[in-house]
Amino acid sequence: MKTFKINDAATTQALGQRLGQIVSAGDVILLDGDLGAGKTTFTKGLALGLGIERNIKSPTFTIIREYKTGRLPLYHMDVYRLEDGGGDELGLDEYFNGNGVCVVEWSQFVASELPTEYLKIAFKRDDRDLDSTNRTLTITAHGTHYTEILEQL
């Protein structure tokens with residue numbers, strides 16, 4: 001486990017970009033945290049690290065956005081709307097076992113669909129000041145492959 005103290009969106013994006021340079025096909029990254037905690041900002045950086053130059057938007061209403069113009073496809077999932085279930089109908093395992101990188105926001109809502117190995121990033125905002133850009137990112141590796149990725153960060 002590693003913890004990063006982040007002071008601004010640019011640093012959040014830079015950390016995501018570094019991860020995007022390390023990941024490989026089939027990697028699954030879970031992003032959990034409150035609304036506005038920086039999950040999509042992180043994903044924008046990850047996309048840049050993959051060589052994807054398209055604008056990355058939160059897939060809140062579409063659930064899954066696919067970006068296929070980088071060195072690996074990026075499957076950006078926001079499963080918040082599946083709070084009451086329904087993840088089993090999306091065929092998530094096809095994405096998880098595919099040739100791209102999966103980023104899953106609000107992963108707790110599809111916990112039963114997730115693979116056993118993944119990289120989990122928890123975003124925590126500084127609650128003392130609502131206007132603060134200070135964040136703590138706690139990254140936990142589940143599996144040997146993800147432990148190696150974490151060591152490279």
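**Close-up 1. Salt bridge between Glu66 and Lys68 in the predicted model**. Glu66 is partly exposed at 34% relative accessibility, and Lys68 is exposed at 55%; buried means under 20% relative accessible area, exposed over 50%, and partly exposed in between (1.4 Å probe, protein chains only). Their side chains meet in a salt bridge at 3.2 Å, N to O, a term that requires a side-chain nitrogen of Lys or Arg within 4 Å of a carboxyl oxygen of Asp or Glu. This is a predicted model, in which local features need pLDDT of at least 70, side-chain atom pairs count only at pLDDT 80 or more, and totals for chains, interfaces and linings use all residues. Residues are numbered from 1 along each chain as its sequence is written, and side-chain values use heavy atoms, with hydrogens and water left out.

**Close-up 2. Salt bridge between Asp32 and Lys120**. The closest N and O atoms of Asp32 and Lys120 are 3.6 Å apart. The pair links distant parts of the chain, with Asp32 in strand E2 (residues 28-33) and Lys120 in strand E6, 88 residues apart; helices (H or I, at least four residues) and strands (E, at least two) are DSSP runs, numbered from the N terminus. Asp32 is buried, with a relative accessible area of 11%, whereas Lys120 is partly exposed at 32%. The structure holds two salt bridges.

**Close-up 3. Trp106 in the loop between strands E5 and E6**. The loop containing Trp106 runs between E5 (101-105) and E6 (118-125). Phi of Trp106 is near 65°, a positive value in a residue other than glycine. Trp106 is buried, with a relative accessible area of 11%.
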